[in-house]
Amino acid sequence: MLLLQNTRIASENSPVLVEGDVLIVEGIIQQIGNNLAIPEGARVIDARGRILMPAMFDAHVHFRAPGFENKETITTGSEAAINGGVTGVVMMPNTRPAIDSAAVVSTVLESAKRKSRIPVYTSGCVTKDREGKELAEIDGMRLLGVTMLTDDGDTTGDPAVLLRAMQYATEFGMFFASHCEVPELAGPRALNEGVMSYRLGIKGSPACAEEIIIDRDIRLAHAAGAHVHIQHVSSKLGMETIRWWKSRGDVKVTAEVAPHHLMFTDEHIGDYDTNYKMNPPLRTQADCDALLAGLIEGVFDLIATDHAPHTPFEKSQDFISAPNGITGLDTALVSLHHYFVRPGKFGWDLVVKRYSAEPRRLMGLPVAAIEVGQKAECLLFDTEAETTFTREFMKSKSQNTPFLDQTLQGRVDLVILGTEILLER
Amino acid sequence: MARKDLLDIASLQREEIELLLDQSTAFKKLLTSSGKKVPVLEGKSVLMLFYEPSTRTHSSFEVAAKRLSAEVTNFNVAHSSITKGESVRETVETLQAMRTDYLIVRHSRSGLPGLIARQTKAAVINAGDGAHEHPTQALLDAFTIKEKFSDPRGKKVLIIGDVLHSRVARSTSTLLQKLGVEVAFLGPGSLVPKYGPATICRFTNYQQAMAWAPDVVYLLRVQMERQDVQFFPSLREYHRIYGITNTRLEEIRQRGLYIMHPGPVNRGVELCDAVMDYERSLINNQAENGIAVRMAVLDWLTPGGDLPKPEPAYATRYGAASTLVMT
């Protein structure tokens, strides 16, 4: 039994925080109200001033297992999630071997059951070994619970292959998540083509490389009657492309945006800082502004981090050699508060809707909510405390994040999943 | 302010540039009058770390260092462990153990000399990194121009060719602008990006560029080896549209313009044979001045000190920027 007193409760439906006490009994929210009586044997937490909200869910993470356990493991990745207030994740399949068969899916999920304190879901590949050639055996993965198919890390290059996969797998109720870039245009370097690529003397990747595939994959979904989910949109025209297709209403399209694309521009790369190197790349302030507008407007259904750990050695190389990606699970919620909620760009309702409720809906999971009768899957957030993201603080095996050693406003104090307190500060 | 490294032109102050150019004049006088060594770097070691083939820059640095009495070692990359998969970082740690005072680095990866500079106490000189910068080339170009125009302010330099892949275009244009010289780019639309600096005129038509009335025509080398994809249909077409043909050389002669080129030239591509004998060609002056300029740079830098942090801190560099983005 746990009684949270004088908390402020956030929900996806209203920007207004409701003050009250919340009583959790045997992992179920049993009572919400003011001045609740303290049941005998209940643990009482004074949550005055702090915000109680549904725990987050990240639909785009790289846990690197199997094959790249030097970067991340399911254990360290899921602990990073808990550290950031996230109680469910969807792994991407660009592992070695790639998660492209029932055998690998089952290995990953079995391992997750033993190693993770939160539910870990996985996507499966569209094509064998993500090579974009032969279709992966989809049905076996579906029977193990996979619903999201993606060759993330790369675009499924051949549109005919993707169209056939969509026609085939849609009948099984599966959907597609697209990493969007024309490889011939994007080139091998994750850097926006523009003033910065000129200044740094590195061939840039133009935004159109991403926008073309965003449009292509939605068109393919339109033709196949499939559901396509556009991953980590980074450009203004990409957002507008999705907005246009959504306004037509004749294709099922969802989309996500990553916190870093809302917060940083290519200027932050400065003197070749590889902690600002990811794919799709950081673009311009105009893109940041458009993405934020798209998030507020609802063009983006969800926020997802694209948590992409790499070892310190890999990221210490020169900008061209260093791999793409930054970590995000430890930092996402606090950074969203610091950059957006606190300055009043958007409210907690948006955070809860886009980083907790919608990703669960995408995955066909029950939504976590602070309501009587619901399973307790929630976190307590202190907006007045600060978090310093030191190496010791972060639980991911890698610390390739621009927030390393930065102090941001806000702190995740408590994470509850059912009867378990996963984290308490 | 003492500098440990020379990595780019972008971060140089105008006063520092003026000082280096003045020093270069002094070193050139010394070279032409006596030709003897000076004991400026006696007992110091200079290590040449060239990951890319180079004849001119390499020998120019070597001669400059030897004239300053430094001990010069060539790190033969072709035969080193780098080809056996050793990372640059490990190589640098090895070099650090050798207690080199000066490290002259050329690499195809943009930003790599800067990465090395943060890991070593040695003074690092960027001798060309990818399409990023080639600061000593820019200094010798400016020096050569100043020999012809004692006050280069307001003079106009037209840079012709592959701007996109050229570190020379970046460094030289940045430096000339810092000295008050006007700069314009001319070249194929695919090689002169529209997203280049807003302060530099961009031409794709030769006649229009000449109507801008430049004082110096600076030809960039067409870097065949760096064009992993085709940026123009053929070398013949390039020469016809952007090259200095006999006809254009005649026009240039009548207008009294200088011609520069960082070398090595591709005859029949950037320029026709006759340019090499053109009386106002500064191509040989550039090569000659390279030695004096590099002596001045070696003399100017200060190796040693505490090892800087491996990565500059986010806050110090972007503290202001990040608040600016969000508020």
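Colleague: Into which domains is chain B divided?
Modeller: This is a predicted model, in which local features need pLDDT of at least 70, side-chain atom pairs count only at pLDDT 80 or more, and totals for chains, interfaces and linings use all residues. Residues are numbered from 1 along each chain as its sequence is written, while chains are lettered from A and ligands numbered from 1 in the order in which they are written. Domain bounds come from an automatic or database domain assignment. Chain B is divided into domain 1 (14-134 + 290-307) and domain 2 (135-287).

Colleague: How many residues of each domain of chain B are in contact?
Modeller: The C-alpha centres of the two domains of chain B lie 26 Å apart. Two residues are in contact if their C-beta atoms, placed from the backbone, lie within 7 Å. By that rule, domain 1 of chain B gives 20 residues and domain 2 of chain B gives 22 residues.

Colleague: Which elements give two or more residues to the side of domain 1 of chain B that touches domain 2 of chain B?
Modeller: Elements here are DSSP runs, numbered from the N terminus: helices (H or I, at least four residues) and strands (E, at least two). The residues of this side divide into eight nonpolar, seven polar and five charged. Nonpolar means Ala, Val, Leu, Ile, Met, Phe, Trp, Tyr, Cys and Pro; charged means Asp, Glu, Lys and Arg; the others, Gly among them, are polar. The elements are α1 (14-33), β4 (123-129) and α10 (283-300) of chain B.

Colleague: Which element gives the largest share of the side of domain 1 of chain A that touches domain 2 of chain A?
Modeller: Chain A is assigned domain 1 (2-52 + 372-424) and domain 2 (55-362). Their contact takes 34 residues from domain 1 of chain A and 40 residues from domain 2 of chain A. On the domain 1 side, 17 residues are nonpolar, 12 polar and five charged. With seven residues, the largest share comes from β15(A).

Colleague: How many residues of α12 of chain A are buried?
Modeller: A residue is buried if 20 or more other C-beta atoms lie within 10 Å of its own, exposed if 12 or fewer, and partly exposed in between, with C-beta atoms placed from the backbone. Buried residues of α12(A) include Leu333(A), His337(A) and Phe340(A). Helix α12 (residues 332-341) of chain A is mostly covered, and its buried residues number 10 of 10.

Colleague: Which helix gives the most to the side of chain A that touches chain B?
Modeller: The contact takes 24 residues from chain A and 26 residues from chain B. The chain A side divides into 11 nonpolar, eight polar and five charged residues. The predictor gives the complex an ipTM of 0.91 and a pTM of 0.93. With three residues, the helix is α6 (residues 195-200) of chain A.

Colleague: Where in chain B does pLDDT stay under 50?
Modeller: pLDDT is the predictor's confidence in each residue, from 0 to 100. Chain B averages 89, and 89% of the residues score at least 70. Where pLDDT is low, the predicted coordinates should not be read in detail. The stretch under 50 is residues 307-327 of chain B.
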